[in-house]
Amino acid sequence: MGTVAKSSITLVSISDAYSLSLTPNSCVIKADFDGSNPKLEHAYTIISAYCGDEKTPIEIDSSTIIKSNDNIECQLIKVDSYRYRLSIISLPVDILQGYIEIPVLSGVSAGLTGRFTFSIVRESTMLDWIQDWENNKTTIGSSYVITPKIFVGKK
C-alpha cells in the first residue's frame with residue numbers, strides 16, 4: 001500500500017500601503033440667493049488613515065492645511081488618536097466651490113494628503129432680480145406690483 005500525502009497552504013493578503021479616508025469626501029452647502037447664510041451643519045468630514053485594512057494613528061498640524069480661498073475658516077478637532085473632524089465654519093459670500101487640502105502624518109511618517117471639496121448651491125423661491133429689487137413697488141389691495149423705473153412711449 002502506498003502513502004498518500006496531504007498538504008494545504010493558506011494565503012493571506014498583506015498590504016503595508018497607507019491610505020487616507022475622508023468621510024464624506026465632499027459636501028454641498030445650501031445658501032441664500034446671494035451666497036449669504038450658508039447652512040454649515042453638514043459641512044464637515046471625518047479623517048482616518050489605514051495601513052492595509054487596519055486603522056492607524058494619525059497626526060494633523062492645522063497650520064499645514066491649504067485652502068482654495070484664504071477667507072475660508074475651518075476648525076480641526078481631534079476625535080481620538082485615529083480620527084480628526086474637519087468642519088467649515090465660515091465662507092465668503094462670493095465663493096461657489098472650493099477645497100481644503102489636509103496633509104496627514106501616519107505610521108512611520110507616511111505623508112498623505114486628502115482633499116475635502118465643497119460646492120455652494122444658492123437657493124431661491126423667486127428670481128434673483130426680484131429679490132435684488134430696490135423696493136419700487138405699488139400696493140394694490142394686499143398685493144404688490146413691481147413698478148420699474150422705465151418709461152416707454154412715443155412723443
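Predicted model: local features only at pLDDT ≥ 70, side-chain atom pairs only at ≥ 80, totals over all residues.
**Strands, core and salt bridges**

Setting aside neighbours within four places in sequence, Ile102 is in contact with Leu20, Leu22, Ile47, Ile60, Leu86, Leu112, Thr113, Gly114 and Phe116. Ile102 is among the residues with the most contacts inside the largest nonpolar core, along with Ile29, Ile47, Ile88, Leu91 and Phe118. That core has 24 residues. The elements giving it two or more residues are β2 (26–31), β3, β8, β9 (97–106) and β10 (110–122), and β10 gives the most, with four. As a general matter, nonpolar side chains in soluble globular proteins tend to be buried together.

Next comes the strand pairing around β3. Strand β3 covers residues 44–51 and pairs with β1 (residues 18–23) in the antiparallel sense, over six bridges. Here Thr23 has Ile46 of β3 as its bridge partner. Strand β3 also pairs with β8 (residues 83–90), again antiparallel, this time over five bridges.

A search of the whole structure turns up four salt bridges. In one of them, the side chains of Lys30 and Glu123 meet at 4.0 Å, N to O. This pair links distant parts of the chain, since Lys30 sits in strand β2 and Glu123 in the loop between β10 and α1 (128–131), 93 residues apart. Lys30 is partly exposed, with a relative accessible area of 45%, and Glu123 is partly exposed too, at 40%.

Another salt bridge brings together the side chains of Lys78 and Glu59, at 3.1 Å, N to O. Lys78 belongs to strand β7 (residues 73–80) and Glu59 to strand β5 (residues 58–59), so this pair also links distant parts of the chain, 19 residues apart. Both ends are partly exposed: the relative accessible area is 40% for Lys78 and 44% for Glu59.

What about Glu101 and Arg115? Their side chains meet in a salt bridge as well, at 2.5 Å, N to O. Because Glu101 lies in strand β9 and Arg115 in strand β10, the pair ties together parts that are 14 residues apart in sequence. Arg115 is partly exposed, with a relative accessible area of 42%.

Terms used
Residues numbered from 1 in each chain as written. Heavy atoms only, no water. Pairing = 2+ DSSP bridges. Core = buried A, V, L, I, M, F, W, Y, C linked by side-chain atoms within 4.5 Å. Buried < 20%, exposed > 50% of the residue type's maximum accessible area, 1.4 Å probe, protein only. Contact = heavy atoms within 4.5 Å.
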